[in-house]
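Hi,

Here is the structure I promised to pass on.

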Amino acid sequence: SRALSEELDIADIFAGAYYLEVSSMGLERKLKYKKHFVSAINDHVKITVKDDGKTVVHKGSLIEVMPEHIRLQTEDEAVLISFQDIRKAQTVFDFRKDL
């Protein structure tokens, strides 16, 4: 942001004073569209699904995105989840593992 701020000052494209603010989506982000899942491959995720009328939460590493499914590696097993069954999905930042 410092380099961009200097370039903006040199170009003088804004009249008067301004503040340059840089933001990100954050450490954890919702996964809604297939492209979101593709961008989260190898990330830690939490997926909430509806399974036989029950809500089930899977946590693990997103290892594959296919046309109709995703593959999630949990601590115990690889889980195949249909996009149709996903109710909520988001990346999860694990401070112990990701630092």
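Let me start with Asp-12, which is exposed, with a relative accessible area of 59%. The cut-off for that label is over 50%, so Asp-12 at 59% falls on the exposed side. This is a predicted model, by the way, so please read everything below with that in mind. Asp-12 sits in the loop between helix 1 (2–11) and helix 2 (34–39). Its phi is positive, at about 50°, although Asp-12 is not a glycine. Most residues other than glycine have a negative phi, which is why I flagged it. In the chain, Asp-12 follows helix 1.

Asp-12 also turns up in a charge patch: together with Glu-6, Glu-7 and Asp-9 it gathers into a patch of negative charge on the surface.

While you are looking at that end of the chain, check helix 1 itself. How many of its 10 residues are buried? The count is 1, so helix 1 is hardly covered. Leu-4 is found in helix 1, and with a relative accessibility of 47% it counts as partly exposed.

Asp-52 is not a glycine either, and its phi is positive, near 50°. You will find Asp-52 in the loop between strand 1 and strand 2 (54–65). Its relative accessibility is 77%, so Asp-52 counts as exposed.

Now the salt bridges. The structure holds 2 of them.

- Asp-43 pairs with Arg-29, and their closest N and O atoms are 3.6 Å apart. Asp-43 lies in the loop between helix 2 and strand 1 (44–51), while Arg-29 lies in the loop between helix 1 and helix 2, so the bridge ties together parts that are 14 residues apart in sequence. Asp-43 counts as partly exposed, at 27% relative accessibility.
- Arg-71 meets Glu-64 with an N to O distance of 3.1 Å. Arg-71 is partly exposed, with a relative accessible area of 27%, and Glu-64 counts as partly exposed too, at 31%.

If you want to check the distances, the limit for calling a salt bridge is 4 Å between a side-chain nitrogen and a carboxyl oxygen. The Asp-43 and Arg-29 pair comes in at 3.6 Å, and the Arg-71 and Glu-64 pair at 3.1 Å.

Last, the aromatics. The count comes to 1 aromatic pair. How are the rings of Phe-37 and Phe-83 arranged, stacked or edge-to-face? Their centres are 5.2 Å apart and their planes stand at 85°, so the pair is edge-to-face. The pair links distant parts of the chain: Phe-37 is in helix 2, Phe-83 is in the loop between strand 4 (78–82) and strand 5 (86–91), and 46 residues separate them. What about Phe-37, buried or exposed? At 1% relative accessibility, Phe-37 counts as buried.

If you open the model with these notes beside you, I would go to Asp-12 and its positive phi, then to the Phe-37 and Phe-83 rings, and then to the 2 salt bridges.

Cheers

Note on methods
Residues numbered from 1 in each chain as written. Predicted model: local features only at pLDDT ≥ 70, side-chain atom pairs only at ≥ 80, totals over all residues. Heavy atoms only, no water. Patch = residues over 30% accessible without salt bridge, like charges linked within 9 Å, V, L, I, M, F, W, Y side chains within 5 Å. Areas by Shrake-Rupley, 256 points an atom, 1.4 Å probe, with all protein chains shown as cover. Lys, Arg positive; Asp, Glu negative; His and termini not counted. Charge placed at Lys NZ, Arg CZ, Asp CG, Glu CD. Helix = DSSP H or I, 4+ residues; strand = E, 2+ residues; numbered from the N terminus. Buried < 20%, exposed > 50% of the residue type's maximum accessible area, 1.4 Å probe, protein only. Phe/Tyr/Trp six-rings, centres within 6.5 Å; stacked < 30°, edge-to-face > 60°.
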